[in-house]
Amino acid sequence: DHFYQIAIDGPAGAGKSTIAKLLSTNLAFTYIDTGAMYRAITYKILKQNVLLDNEHAMIALANQTEITIKNGRIFLDQEDVTELIRSEKVTKGVSIVASVKEIREEMVRLQKRISQHSHVVMDGRDIGTVVLSKADLKVFLTASVKERARRRFEEMREQEPDLQLQAIEEQIRQRDFVDENREHDPLTPANDAVHIDSTSLSIHEVVEKITQLFCEKI
Ligand code: C5P
């Protein structure tokens, strides 16, 4: 049995999760949001007051953690944390946690395991390069940093009304910097990835484009 794999990577706020979700619905594939997994472990680390410079303690905690995904919800040790992991605090800390080699290894193992049982659309930073290195289609989705900040601003407005556009842009730049420059599995396009710049494309247009690419490939 061959299970189809579509990998979508790119920087923060490029629209990966919105697009991956729609794509998975259209194709009846399973959608795996790998960023949510790094966010879930970060949430636990912060909640237990483990310091982000204490790698040893972070790894120990990650080893005693169960992360599961079901029907688009993410569970941390059986607790539904789907909304909790979107807080600003988690967003600020997640790239530090995601730079720890042992934590990445654990997450990658889990992600690979999930993709063995179903057709998947997976989004993240290292999907085309590491997790699904033989994916049927790899997309590297980008947009200008201004546009990505604007989108995140609209998305966060209700939850965090005090957040300023400027601050979001700064956060996005910092997170991209850490993600692109870390030692282990940095954010970088796979050699065989198709680049799509979504700055002036609608969500629908991007989904159409990826669907077309996938149909051509298989
Ligand atoms: O996709 P999202 O913005 O939710 O990802 C949160 C963070 O998780 C990223 O900024 C990155 O540090 C980390 N991440 C990662 N590898 C992935 C997915 C996310 O390092 N495959």
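Author: The model is a predicted one.

Reader: Which residue stands opposite Lys138 of E7?

Author: Strand E7 pairs with strand E1 (residues 5-9) in the parallel sense, over 4 bridges. Within E7, Lys138 has as its opposite residue Ala7.

Reader: And which residue of E8 stands opposite Thr142?

Author: Strand E7 is also joined by 4 bridges to strand E8 (residues 194-197), and these two strands run parallel. The residue of E8 that stands opposite Thr142 is Asp197.

Reader: Which element gives the largest share of the largest nonpolar core?

Author: The largest nonpolar core has 47 residues, of which Ile8, Ala40, Val97 and Val139 touch the most other members. Ile8 has contacts that include Val121, Val139 and Leu141, when residues up to four places away in sequence are not counted. The largest share of this core, 7 residues, comes from H2.

**Around the ligand**

Reader: How many residues of the shell around the ligand come from H2?

Author: The ligand is surrounded by 14 residues, and the closest are Gly35, Tyr38, Ala98, Gly124 and Arg125. Two or more residues of this shell are given by each of helix H2 (34-47), helix H4 (88-97) and helix H8 (165-181). The largest share comes from H2, and it amounts to 4 residues.

Reader: How many charged residues does the shell around the ligand have?

Author: Sorted by class, the shell around the ligand has 5 nonpolar and 4 polar residues, while the number of charged residues is 5.

Reader: How many other C-beta atoms lie within 10 Å of that of Thr18?

Author: Thr18, which the unreviewed UniProt entry also lists under "binding site", has its place in helix H1. Thr18 is partly exposed, and the number of other C-beta atoms within 10 Å is 16.

**Loops and backbone angles**

Reader: Is Gln78 buried or exposed?

Author: Gln78 is found in the loop between strand E4 (73-76) and strand E5 (79-80). The phi of Gln78 is near 75 degrees, a positive value in a residue other than glycine. Because Gln78 has 7 C-beta neighbours inside 10 Å, this residue counts as exposed.

Reader: Is Asp185 buried or exposed?

Author: Asp185 has its place in the loop between H8 and E8, and although this residue is not a glycine, its phi is positive, at about 45 degrees. Because Asp185 has 21 C-beta neighbours inside 10 Å, where 20 or more are needed, this residue counts as buried.

Reader: What distance separates the C-alpha atoms of Asn49 and Thr65?

Author: Asn49 is found in the loop between H2 and helix H3 (55-63), where it is exposed, with 7 other C-beta atoms within 10 Å. Asn49 and Thr65 are 16 residues apart along the chain, and their C-alpha atoms are separated by 15 Å.

Technical notes:
Residues are numbered from 1 along each chain as its sequence is written. This is a predicted model: local features need pLDDT of at least 70, side-chain atom pairs count only at pLDDT 80 or more; totals for chains, interfaces and linings use all residues. A residue is near a molecule or strand if its C-beta atom, placed from the backbone, lies within 6 Å of it. Ala, Val, Leu, Ile, Met, Phe, Trp, Tyr, Cys and Pro count as nonpolar, Asp, Glu, Lys and Arg as charged, and the others, Gly among them, as polar. UniProt positions are given in the numbering used here, feature names are shortened, and annotations may be inferred rather than shown by experiment. A residue is buried if 20 or more other C-beta atoms lie within 10 Å of its own, exposed if 12 or fewer, and partly exposed in between; C-beta atoms are placed from the backbone. Two strands pair if DSSP finds at least two bridges between them. A nonpolar core is a set of buried Ala, Val, Leu, Ile, Met, Phe, Trp, Tyr and Cys residues joined through C-beta atoms within 7 Å. Two residues are in contact if their C-beta atoms, placed from the backbone, lie within 7 Å.
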